[in-house]
Amino acid sequence: MTTDQLKEESRKSGFVTLIGRPNVGKSTLMNHLVGQKIAITSEKPQTTRNRIQTVYTDQRGQIIFLDTPGIHKARNKLGEYMVNVAEHTLKEVDVVLWLVEPTTFIGAGERHIAEQLNRGKTPVILVINKTDTVKNQDEILTFIAAYKDICDFAEIVPVSALKERNTDVLVEQIFKYLPYGPMFYDEDTVTDQPMRQIAAELVREKALRMLDEEIPHGIAVTIEKMTRRRKITDIEATIICERESHKGIIIGKGGAMLKKIGSAARQELEHMLETKVNLQLWVKVRREWRDSETLMKNYGYAMKDT
């Protein structure tokens with residue numbers, strides 16, 4: 001047997017999903033682990049809407065991370081779709097990372113997730129995130145004690161995704177539970193997301209961060225055109241909202257807000273694409289699109305049967 005064959009046999013490879021309530025830091029953690037921003041982040045809940053797949057590779061093998069929407073009480077068809085995506089993913093992976101915040105209070109949302117996890121046999125690692133917000137680090141032991149009996153956890157790992165604390169230990173624990181096998185992707189693969197989808201999500205992220213609380217949940221972004229000519233990438237994108245009043249807010253006085261969103265998105269797109277970007281944004285109203293399966297499908301949120 002050759003050295004390369006021996007290496008192959010000693011490598012592990014598998015799929016790991018990140019689940020949890022909205023805004024617990026799933027996307028921030030995944031972006032840090034793969035070393036590149038793929039999933040958008042914001043302080044507003046329900047930022048992630050689709051399943052986002054990224055790849056981590058080192059000498060031990062390969063981890064394919066699946067970042068999912070936060071599990072929450074659905075209020076429309078888009079909400080149902082998001083919960084469907086998150087819960088369906090539990091059946092397809094080798095390890096589940098359940099992210100929670102550092103607290104001793106276990107609410108109805110967390111208990112619902114625990115019920116789902118207890119039905120399966122997949123190893124579950126509890127990740128207590130945002131430990132940088134805890135002044136007395138000894139308190140982390142009380143959070144572990146509060147959670148340890150709610151589910152049969154394979155491991156419990158406290159981390160800070162934002163400050164990159166203890167994430168190397170988390171990766172070590174993940175590899176412990178992955179099966180031996182060949183890699184699914186080339187070593188230089190970081191995501192399977194199409195660039196058009198990443199671009200649309202980056203525009204949506206900037207809108208999420210800059211707009212009033214009630215508007216972001218009602219917006220979607222579509223890329224109408226994305227072409228490259230020499231050292232310039234031309235992108236035409238449309239921000240979809242549900243009300244005329246929201247359209248006015250997104251555009252802003254004299255187009256100021258739309259320019260602000262576009263400028264922030266363009267800078268990040270130029271960094272990612274390593275070209276100059278000519279970004280043009282439009283805003284359209286599509287009433288109640290979050291309850292229209294046809295419009296949801298058009299905007300990239302296709303319902304799936306479980």
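The largest nonpolar core holds 27 residues, and Ile 235, Ile 239, Ile 250, Ile 261, Leu 279 and Leu 281 touch the most other members. Such a core is a set of buried Ala, Val, Leu, Ile, Met, Phe, Trp, Tyr and Cys residues joined through side-chain atoms within 4.5 Å. Buried means under 20% relative accessible area, exposed over 50%, partly exposed in between (1.4 Å probe, protein chains only). At least two core residues come from each of helix H7 (195-210), strands S7 (220-229) and S8 (232-241), helix H9 (256-273) and strand S9 (276-285). Helices (H or I, at least four residues) and strands (E, at least two) are DSSP runs, numbered from the N terminus. Another core, of 25 residues, lies apart from it and includes Leu 18, Leu 29, Leu 170 and Val 171.

This is a predicted model: local features need pLDDT of at least 70, side-chain atom pairs count only at pLDDT 80 or more, and totals for chains, interfaces and linings use all residues. Residues are numbered from 1 along each chain as its sequence is written, and side-chain values use heavy atoms, without hydrogens and water.

Now turn to the loop. Ala 154 sits between helix H5 (140-147) and strand S6 (155-158). Ala 154 is partly exposed, at 26% relative accessible area. Its C-alpha atom is separated by 5.5 Å from that of Val 124, 30 residues apart along the chain. Leaving out residues up to four places away in sequence, Ala 154 touches Pro 123, Val 124 and Tyr 177 (contact means heavy atoms within 4.5 Å).
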